[in-house]
There are 2 protein chains.
Amino acid sequence: MSGETRPARASMKEVADRAGVAMSSVSRVLSGHPDVSPTMRERVMAVVAEIGYQPDLLAQSLRRRATRSVGFVVGDIANPLLAQIVQGAERTLRDSGYSMLLTNSENLPERDAAHVRLFEQRRVDGLMLSLAAEDHEETIAVLRQFDTPAVLVDRDLPPELNASAVLSDHRSGMRAAVEHLLDLGHRRIGIILGQPMRPSRERRAGVEEAFASRGLPATYVVVEGLLATEHGRNGTRQLLDADEPPTAIVAAGNQLLIGTLEELRARGVAVGADVSLVSCDAIDVTELYDPPIAVVRRDTREIGRQAAKLLLERVGEDDPGARTVVLPTTFVPRASCAPPPAGASLSS
Amino acid sequence: MSGETRPARASMKEVADRAGVAMSSVSRVLSGHPDVSPTMRERVMAVVAEIGYQPDLLAQSLRRRATRSVGFVVGDIANPLLAQIVQGAERTLRDSGYSMLLTNSENLPERDAAHVRLFEQRRVDGLMLSLAAEDHEETIAVLRQFDTPAVLVDRDLPPELNASAVLSDHRSGMRAAVEHLLDLGHRRIGIILGQPMRPSRERRAGVEEAFASRGLPATYVVVEGLLATEHGRNGTRQLLDADEPPTAIVAAGNQLLIGTLEELRARGVAVGADVSLVSCDAIDVTELYDPPIAVVRRDTREIGRQAAKLLLERVGEDDPGARTVVLPTTFVPRASCAPPPAGASLSS
């Protein structure tokens, strides 16, 4: 110590001794654990400030791999659904003493790969993945290279990656929505889908099943594109400009819905009168629009909670291996769905 | 190498040699730099996969503090405004080869402190701070303890922290909005504000200035609370249940607006007819509501870009010190603002 040029580094033990508390209490205060009394926090932080203690988790994590942190590769944090999933996951993780770090890929698959690598370099204990693509080779190569436990959020990846998954039963919700439209008399139904990943595949299957269940020919039209407002607008334009435009539209994603509503408003097409409308996922607009918009709903916070639980069971001592949980969706009919305008449904 | 138990670790030089490219190219590919050709990326990644190279940024960062990463302490990622600010900042940072890591405080000040500490332990090169409070002692103590360059997003912190800041001129936009309401004949105006931080203080000052500019007594009512939907609902309830309810309401935050709209709808109060309404910040609902809702608007992506620029100039060799940039807000009048119902404006 004496003649060295390096400054002496206070230890966590020193903090515990001076504060007259256990080492584990110091650790809990510094990791932001929720079950710490204000008095304990104050006591520990006073000593930390006094002696200038700097915990060096990085150096620790080089010795034992346990940073008690989880990395969430988020496809698009501007998507309110993902914000709710993040919230649900974060609360569950925090209750177990884990912090969550996020990245934002803006739905660009090459960023997913870079973000997985970034988290690996930061030695997170686990990964949550809401990837921008299911078949991006670089992302899959990076995931294969590392052995960090991972949970997929609504994505199908090759099983050899050994990732757990929380999936939504999009198929049932979509089937119920389309059956409702068919029962109202709609036959030409336009479906605006996002990227060709699991949610889109399942929703498409739900549409097929609905027509089959009513013994009807498949008179629906699907337009597929990026899960973004612009595709909602362009898809709606494409559907309405067709020779036989649909009498009902399903926007299979909340950002698609915003684009659809913008286009309908620009054309003066009245929702629930000129055209029926269903949104996949509830957002503020679906509740506050006049008329309120029918939705295929899911419990996003529960998705986050389940994803966190699946991850926590794998970062412990006894990793039980990959597990998949499927959560339900529910169709909520509303005034945005009505019988087609007189005559419109008969021509198809 | 030979008899050691530790596995041999491939070096970045080995990757560069085998791929026949420069070390800097390998580095750019691995950091996800945007200016890398697909051919170069493929070539490097093929070698990385072949020899199982794992860059160890953490070990590097223990030698030289430069992880080329920035930590953004986000108050609430469910707030779409913050998602846009993040997007603006992230693009600018990425162009300079920096990654962004996010945390979500859910507007709880004690989480801010834990998140700053988490980022410090992860050795980020810089911090962006959209804090949940300006006067939380633990957060200020943690920031004082570390010397990482920081940029505040719309917050006032003690100047000795030497943080740069991007601020919005909320005052001018709010003043213009209230002057518009006064000119329409409103006198009793209800203002629903968020937490007592810089944005709320500036907005309150704008309201005062508007009444003063028209030589009118201060007949407005302010309800202050958490920047969340629930306060929007409760605040609206409180305002409308008063003996002399306001004829116009300003919801000073997009989450407050959602609560206000929910309460108005529940009571059957028509926006733009029974009560005039102004939102601070544009969101999907303000554009798609019928009638469209007047907004005090700001360029959120520009806020993010400026914050990133302020941070980048401080993480380089020559830190020019703290700098503050103030960006404008603009009031956009719309059909949600109309003269008060006959008689209503005269009784006050």
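A salt bridge is here a side-chain nitrogen of Lys or Arg within 4 Å of a carboxyl oxygen of Asp or Glu. By that rule, three salt bridges cross the interface of chain A and chain B in this predicted model.

**Interface of chain A and chain B**

- One pairing that meets the salt-bridge rule joins the side chains of Arg41(A) and Glu138(B), with an N to O distance of 3.8 Å.
- On the side of chain A that touches chain B, helix α6 (residues 109-121) of chain A supplies the largest share, namely seven residues.
- Sorted by class, that side of chain A holds 28 nonpolar, 17 charged and 13 polar residues.
- Polar contacts across the interface of chain A and chain B involve 14 residue pairs, with both residues at pLDDT 80 or more.
- The contact draws 58 residues from chain A and 58 residues from chain B.
- The size of an interface is often expressed as the accessible area lost when the parts come together.
- Between them, chain A and chain B bury about 5100 Å², and carbon and sulfur atoms account for 56% of that area.

**Overall form of chain A**

- Chain A contains 13 helices and twelve strands.
- The C-alpha trace of chain A extends over about 95 × 40 × 35 Å along its principal axes.
- Of the 348 residues in chain A, 56% count as buried.
- The accessible surface of chain A amounts to about 14200 Å², with 49% of it belonging to carbon and sulfur atoms.
- When contacts in chain A between residues at least 6 apart in sequence are considered, 72% of them join residues at least 24 apart.

- Ser105(A) lies in the loop that runs between β2 (99-104) and α6 of chain A.
- Ser105(A) counts as buried because its relative accessible area is 0%, where the cut-off for burial is under 20%.
- With Asp112(A), Ser105(A) forms a side-chain to side-chain polar contact of 2.8 Å.
- Phe331(A) stands 226 residues from Ser105(A) along the chain, and the C-alpha atoms of these two residues are separated by 30 Å.

Methods
Residues are numbered from 1 along each chain as its sequence is written. Chains are lettered from A and ligands numbered from 1 in the order in which they are written. This is a predicted model: local features need pLDDT of at least 70, side-chain atom pairs count only at pLDDT 80 or more; totals for chains, interfaces and linings use all residues. Side-chain values use heavy atoms; hydrogens and water are left out. Contact means heavy atoms within 4.5 Å. Buried area is the accessible area (1.4 Å probe) that two parts lose on being put together, summed over both. A polar contact is a pair of N or O atoms within 3.5 Å; within protein, one must be able to donate a hydrogen and the other to accept it, and residues adjacent in sequence count only if both atoms are side-chain atoms. Helices (H or I, at least four residues) and strands (E, at least two) are DSSP runs, numbered from the N terminus. Ala, Val, Leu, Ile, Met, Phe, Trp, Tyr, Cys and Pro count as nonpolar, Asp, Glu, Lys and Arg as charged, and the others, Gly among them, as polar. Buried means under 20% relative accessible area, exposed over 50%, partly exposed in between (1.4 Å probe, protein chains only). Accessible areas come from the Shrake-Rupley method with a 1.4 Å probe; for residues, only the protein chains shown count as cover.
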